[in-house]
Amino acid sequence: MNAVSIAQVNARVREVADRIQPLLAPHAGLARRNAHAHAWLGIKTVFGEQWRERADLGTVLAFVEWLDANPNADYEAYDGPVRHLAPDERGLLFD
């Protein structure tokens, strides 16, 4: 992904996290749920630690939309598209 794509993901995660914050159910071991951390952990869980370099923008945004509709679902329940870019599609992170 390039810088513009990453900015799109950041903006959408902020919007979704702000909206789902009051909807998050309590979680054992956490005094208060953090929707922003929940969304970013979901992206890393579904697409991997190197998601910025390897994941397709459309599939990351599809996951964020799914999280918006399913704020308390386990990440493993996501059955939407997960497309990783082929090495020749990746390019530089900030080209």
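## Two buried phenylalanines

In this predicted model, Phe-47 and Phe-63 are both buried, a word used for residues with under 20% relative accessible area, as against over 50% for exposed and partly exposed in between, with a 1.4 Å probe and protein chains only. Residues are numbered from 1 along each chain as its sequence is written. Because the model is predicted, local features need pLDDT of at least 70 and side-chain atom pairs count only at pLDDT 80 or more, while totals for chains, interfaces and linings use all residues, and side-chain values use heavy atoms, without hydrogens or water.

## Aromatic pairs

A search of the whole structure finds six aromatic pairs, where rings of Phe, Tyr and Trp (its six-membered ring) pair if their centres lie within 6.5 Å, and planes under 30 degrees apart count as stacked, over 60 as edge-to-face and the rest as tilted. The rings of Phe-47 and Phe-63 have centres 6.2 Å apart and planes at 80°, so this pair is edge-to-face. Phe-47 belongs to helix α2 and Phe-63 to helix α4, so that the pair links distant parts of the chain, 16 residues apart; helices here are DSSP runs (H or I, at least four residues), numbered from the N terminus.

Trp-66 and Tyr-78 also form an edge-to-face pair, with 5.3 Å from centre to centre and 65° between the planes. Since Trp-66 lies in helix α4 and Tyr-78 in the loop between α4 and α5 (87-90), this pair ties together parts that are twelve residues apart in sequence. Trp-66 is buried at a relative accessible area of 15%, and Tyr-78 is buried at 10%. Ring pairs link Phe-47, Phe-63, Trp-66, Tyr-75 and Tyr-78 into a cluster.

Val-60 lies in helix α4 (residues 57-69) and counts as buried because its relative accessibility is 0%. Leaving aside neighbours within four places in sequence, Val-60 is in contact (heavy atoms within 4.5 Å) with Met-1, Val-9, Ile-43, Phe-47, Trp-51 and Ala-55.

Definitions and conventions. Helix = DSSP H or I, 4+ residues; strand = E, 2+ residues; numbered from the N terminus.
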